[in-house]
Amino acid sequence: TPERLEHGRPPMNLSVLGAGAWGTALALSACARHPTRLWARDAAQAAQMRSMRRNERYLPGVVLPPALQLSADFDASVSHARGGLIVVATPMAGLREVLTALAQRDDLADTGVLWLCKGFEQDTGWLGHEIARVVLPGMPVGVLSGPSFAIEVARGQPTALVVASEHAALCEQAIAAFHSDNLRVYSSSDPVGVEVGGAVKNVLAIATGIADGMADGRGG
């Protein structure tokens with residue numbers, strides 16, 4: 001069982017819904033301090049992770065500690081996080097489905113919900129906060145994002161993230177969940193700005209790469 005946090009707050013129950021690279025990395029980072037459950041949609045993947053204590057599909061070579069709970073049971077994983085924190089770690093294409101499933105529960109009023117996915121929903125062009133506004137009205141929700149890589153978090157290398165929400169208490173909750181000596185978590189009250197930045201960063205990176213290539217070509 002994780003020990004009481006140094007700043008006096010007790011551990012909280014966390015569930016990370018999605019066992020890709022980012023979901024696994026964040027669950028691994030949190031499980032030393034909080035009772036953490038990682039949900040995988042694929043039951044075979046969950047069973048393999050339990051037996052091997054690795055997620056070879058998405059984070060090869062990274063050991064999953066015994067403290068990290070692994071499950072393919074969605075309802076049980078959501079129930080685990082009641083009163084704590086749920087992190088949706090699916091691709092953007094799966095965000096609405098998961099949030100809709102959470103909306104059907106009547107026991108999550110005191111539970112915070114964050115998502116990691118970046119980009120726009122294909123059919124609507126909406127960002128995550130726009131989907132959540134319709135699907136989970138009134139619930140404390142926000143986005144967890146930043147200029148970092150899942151493998152860096154999984155290996156405990158120094159990196160940083162930002163949690164953005166209109167709910168200040170949710171930001172504090174996320175910082176309590178994930179902030180550590182190696183993973184610095186900062187808060188923002190501007191989820192729109194954070195999501196837009198996350199959505200366009202890949203476009204800018206590609207454009208920068210093209211510009212660099214063209215410059216190298218001219219120089220050659």
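Biologist: Let's say a cavity is a set of points, on a 1 Å grid over the protein atoms alone, where a 1.4 Å probe fits but cannot get out. How many cavities of 30 Å³ or more does a search of the whole structure find?

Modeller: Two cavities of 30 Å³ or more turn up when the whole structure is searched. Before you ask, this is a predicted model: local features need pLDDT of at least 70, side-chain atom pairs count only at pLDDT 80 or more, and totals for chains, interfaces and linings use all residues. Residues are numbered from 1 along each chain as its sequence is written, and side-chain values use heavy atoms, with hydrogens and water left out.

Biologist: OK. What volume does the largest cavity have?

Modeller: About 60 Å³ for the largest cavity, where a volume is the space filled by probe spheres set on points joined across faces, edges and corners.

Biologist: And which residues line the largest cavity?

Modeller: Trp22, Leu116, Lys118, Leu144, Ser145, Gly146, Ser148 and Leu161 line the largest cavity; lining means having an atom within 4 Å of a point.

Biologist: What about pockets? What's the volume of the largest pocket?

Modeller: The largest pocket comes to about 680 Å³, a pocket being an open set of points with protein on both sides within 12 Å along at least five of seven lines. Its lining takes in 29 residues, and those nearest the centre of the largest pocket are Trp22, Ala89, Thr90, Pro91 and Cys117.

Biologist: Which elements give two or more residues to the lining of the largest pocket?

Modeller: H1 and H8 do. Helices here are DSSP runs of H or I with at least four residues, strands are runs of E with at least two, and both are numbered from the N terminus. H8 gives the largest share of the lining of the largest pocket, four residues.

Biologist: Back to H1 then. Why is helix H1 largely enclosed by the rest of the structure?

Modeller: Eight of the ten residues of helix H1 (residues 21-30) are buried, so the rest of the structure largely encloses this helix. Buried is under 20% relative accessible area, exposed is over 50% and partly exposed is in between, with a 1.4 Å probe and protein chains only.

Biologist: Which residues of H1 are buried?

Modeller: Gly23, Thr24, Ala25, Leu26, Ala27, Leu28, Ser29 and Ala30 are the buried residues of H1.

Biologist: Switching to aromatics. How many aromatic pairs does the rule give?

Modeller: One aromatic pair. Trp39 and Phe74 have ring centres 5.1 Å apart and planes at 80°, so they are edge-to-face. The rule pairs rings of Phe, Tyr and Trp (its six-membered ring) with centres within 6.5 Å, and calls planes under 30 degrees apart stacked, over 60 edge-to-face and the rest tilted.

Biologist: Where do Trp39 and Phe74 lie?

Modeller: Trp39 is in strand E2 (residues 36-39) and Phe74 in helix H3 (residues 74-80), so the pair ties together parts that are 35 residues apart in sequence. Both Trp39 and Phe74 are buried.

Biologist: Now the charges. How many salt bridges does a search of the whole structure find?

Modeller: Six salt bridges, counting a side-chain nitrogen of Lys or Arg within 4 Å of a carboxyl oxygen of Asp or Glu. One joins Arg41 to Glu97, with the closest N and O atoms 3.6 Å apart. That pair links distant parts of the chain, 56 residues apart: Arg41 sits in the loop between E2 and H2, and Glu97 in helix H4 (residues 92-103).

Biologist: Is Arg41 buried or exposed?

Modeller: Arg41 counts as exposed, at 53% relative accessibility.

Biologist: And what does Asp42 meet in a salt bridge?

Modeller: Arg57, at 3.3 Å from N to O. Asp42 is in the loop between E2 and H2 and Arg57 in the loop between E3 and strand E4 (59-63), so the pair ties together parts that are 15 residues apart in sequence. Asp42 is partly exposed at 31% relative accessibility, and Arg57 is partly exposed at 47%.

Biologist: Which side chain does Asp75 meet in a salt bridge?

Modeller: Arg105, with 3.9 Å from N to O. Asp75 is in helix H3 and Arg105 in the loop between H4 and strand E7 (112-115), and the pair links these distant parts of the chain, 30 residues apart. Salt bridges with shared partners join Asp75, Arg82, Arg105 and Asp107 into one network.
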